[in-house]
Amino acid sequence: MSRLLLGPLLRHVGEEDATVWVETDAPCTVEVLGHAERTWTVAGHHYAVVTVRGLAPGSVTDYQVSLDGEVAWPPADTAYPPSRIRTLSPGREVTLAFGSCRYATPDAVGDDSHFAPDALDAYARRMMRLPVESWPDALLLVGDQVYADETSEATQQRIRERRDPDQAPGLEVRDFEEYTWLYHESWSDPQVRWLLSTIPSSMIFDDHDVRDDWNTSGSWRREMQATDWWQERIIGGLSSYWVYQHLGNLSPQGLEQETLYQKVRAHEGDAEELLREFATAADKEADGHKGAQWSFRRDLGPVRLVVLDSRCGRVLDGEARSMLSEREFAWVAEQVQGDYDHLLVGTSLPWLLPRALHDVESWDERLASGVQGRRLARWGEKARRGADLEHWAAFRKSFDWLTDLFARVGRGETSPSGRAPATICVLSGDVHHAYAAQADFPRDLDSAVYQLTCSPLHNYVPWFMKVVFRVTWWRATEKSVRFLLKRVSHVPAVPIEWRRLCGPFFGDQIATLTLHGRSAGVRFEQTRHDPKAGRVLGAVSELTLS
């Protein structure tokens with residue numbers, strides 16, 4: 001009898017359909033609610049994405065997963081609520097939870113005092129006690145779902161048993177097989193496994209899904225490409241991302257149109273080589289070649305979610321340096337066309353940072369470009385990589401393009417009816433703290449525009465970085481940095497201003513957006529350990545956005 005190794009993960013859910021992802025220990029037929037799919041194989045691992053159709057809008061349906069006719073999920077002795085598919089319904093309130101940067105599991109860090117209780121784990125524990133009507137409609141994970149460069153003790157032991165850790169990349173993961181260990185470690189957590197089986201999830205990578213500072217700059221890429229281990233690492237990282245994360249971001253229609261998926265699904269035998277060829281080509285986008293489409297869109301009733309690939313899709317070729325390729329920018333501009341009540345833009349890296357930090361990153365980009373001499377260029381590159389100065393602010397042309405796009409959306413120029421959405425919210429992670437900021441445009445918009453950042457779900461930030469983030473939000477710091485840079489830099493003036501609404505908050509946390517009609521609100525919650533209740537969440541801030 002085949003066994004379920006990982007999943008089920010409930011991924012896309014619409015008004016009448018859903019997709020369920022699984023990994024099994026052998027080839028088999030996977031069945032969910034009468035819909036069957038044969039597994040396909042990559043590097044000796046077996047997967048399936050089952051499409052369920054014919055559901056009723058606004059319905060709640062318990063489901064099981066059968067392998068070759070035998071029920072494999074839920075386990076017979078489970079203490080958890082049933083896994084359920086809750087379809088979207090026109091006019092219903094939309095709730096979306098989001099966060100980023102989840103390091104392994106609570107068990108992986110033991111009693112390490114740096115780590116607070118895992119926010120995703122705590123969120124799942126609370127959900128189990130709530131009625132299904134109180135569950136979120138979707139979960140967005142905006143980066144660092146796994147840490148390929150910072151492995152747990154358990155993963156390091158497996159690496160030692162498989163190969164010589166004295167050879168690069170040492171105790172970091174090396175290839176597809178070792179990537180599968182990371183996903184199993186993170187997604188086998190019992191509470192989180194149940195959560196992912198019943199809440200639709202969308203995901204996008206950030207640097208640690210591959211390696212710290214992934215695609216920070218052209219020199220970073222050249223340094224990595226000169227090693228004898230990087231090629232296998234990037235192939236493993238992008239191949240596993242495609243299997244474990246990307247496929248679930250697609251709707252049933254998107255899966256039908258995904259050429260590689262259809263090839264893999266129909267392939268006789270192991271499809272590893274198909275994935276290797278794809279990953280190799282996808283990685284070359286940063287060097288100016290045509291790459292893969294990792295960005296995606298998902299409509300949640302009157303709420304439009306557009307998630308951007310701000311890592312693999314970067315272009316780092318001299319003057320063409322950009323957060324996204326021209327092809328990807330054109331795709332984004334197309335996705336925001338239409339009528340909807342709220343626009344959510346997911347990008348792992350914040351669009352709006354503390355203003356002082358934003359100005360420093362833009363200045364550093366100019367230095368590193370060489371316009372003020374080679375010596376300052378070397379210093380700028382060293383600072384960029386050492387201090388992670390690589391957000392949208394450090395891709396200034398891209399920052400301005402995204403800002404202009406929000407202005408056009410907020411004026412109703414992208415809507416056939418001329419009706420702008422009530423809010424435009426950028427949802428991000430990466431920086432290991434949480435905050436909300438509101439953008440002020442020189443010309444009033446009909447939309448309120450926000451940066452909402454929530455990180456980490458399960459990680460920490462060193463004390464000195466807490467000081468940096470706090471200080472760079474100070475108005476006095478902002479004015480001082482701006483004054484100094486005017487004297488030494490020719491960075492163009494920023495086209496907008498912005499102000500902090502709440503934060504910074506440090507600790508393991510998760511945020512929840514609630515959207516109903518033209519109204520919107522956000523809640524930031526942090527974890528703590530309660531002697532009686534265990535891992536619990538408590539609100540640190542609630543904001544009305546519209």
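Which residues have the most contacts inside the largest nonpolar core? In this predicted model, local features need pLDDT of at least 70 and side-chain atom pairs count only at pLDDT 80 or more, whereas totals for chains, interfaces and linings use all residues. Residues are numbered from 1 along each chain as its sequence is written, and side-chain values use heavy atoms, with hydrogens and water left out.

The residues with the most contacts inside the largest nonpolar core are W242, W294 and L452, and the core holds 95 residues. Helix α7 (residues 230-246) supplies the largest share of this core, 8 residues. A second, separate core has 46 residues, among them L316, M323, L324 and W392. A nonpolar core is here a set of buried Ala, Val, Leu, Ile, Met, Phe, Trp, Tyr and Cys residues joined through side-chain atoms within 4.5 Å. Buried means under 20% relative accessible area, exposed over 50%, and partly exposed in between (1.4 Å probe, protein chains only). In soluble globular proteins, nonpolar side chains tend to be buried together. Contact means heavy atoms within 4.5 Å. Leaving aside neighbours within four places in sequence, W242 is in contact with W40, L247, E258, L260, Y261, V264, L275, F278 and W294.

Helices (H or I, at least four residues) and strands (E, at least two) are DSSP runs, numbered from the N terminus. Strand β18 spans residues 434-440 and includes A434, a buried residue with a relative accessible area of 0%. Not counting residues up to four places away in sequence, A434 touches T453, C454, S455, G503, P504, F505, Q509 and F524. F524 is 90 residues from A434 in sequence, and the two are 7.9 Å apart in space, C-alpha to C-alpha. In strand β11 (residues 94-99) lies T95, which counts as buried because its relative accessibility is 13%. With residues up to four places away in sequence not counted, T95 touches P136, D137, A138, T512, L513 and T514.

R193 is located in helix α5 (residues 190-198). R193 is buried yet has no salt bridge, and the nearest side chain of opposite charge, E23, is 9.1 Å away. A salt bridge is a side-chain nitrogen of Lys or Arg within 4 Å of a carboxyl oxygen of Asp or Glu; Lys and Arg count as positive and Asp and Glu as negative, while His and the chain ends are not counted. Neighbours within four places in sequence aside, R193 is in contact with L4, L5, L6, G7, P8, W73 and W187. The peptide bond from G7 to P8 is cis, with omega near 5 degrees, and P8 belongs to strand β1 (residues 4-13). The bond from W73 to P74 is also a cis peptide bond, with omega near 0 degrees. P74 is placed in the loop between β9 (70-73) and β10 (84-86).

Positive phi values occur at two aspartates. D213, although not a glycine, has a positive phi of about 70 degrees; this residue lies in the loop between β13 (201-203) and α6 (218-225) and is buried, with a relative accessible area of 8%. For D430, phi is near 75 degrees. D430 lies in the loop between β17 (423-428) and β18, and is buried at a relative accessible area of 14%.
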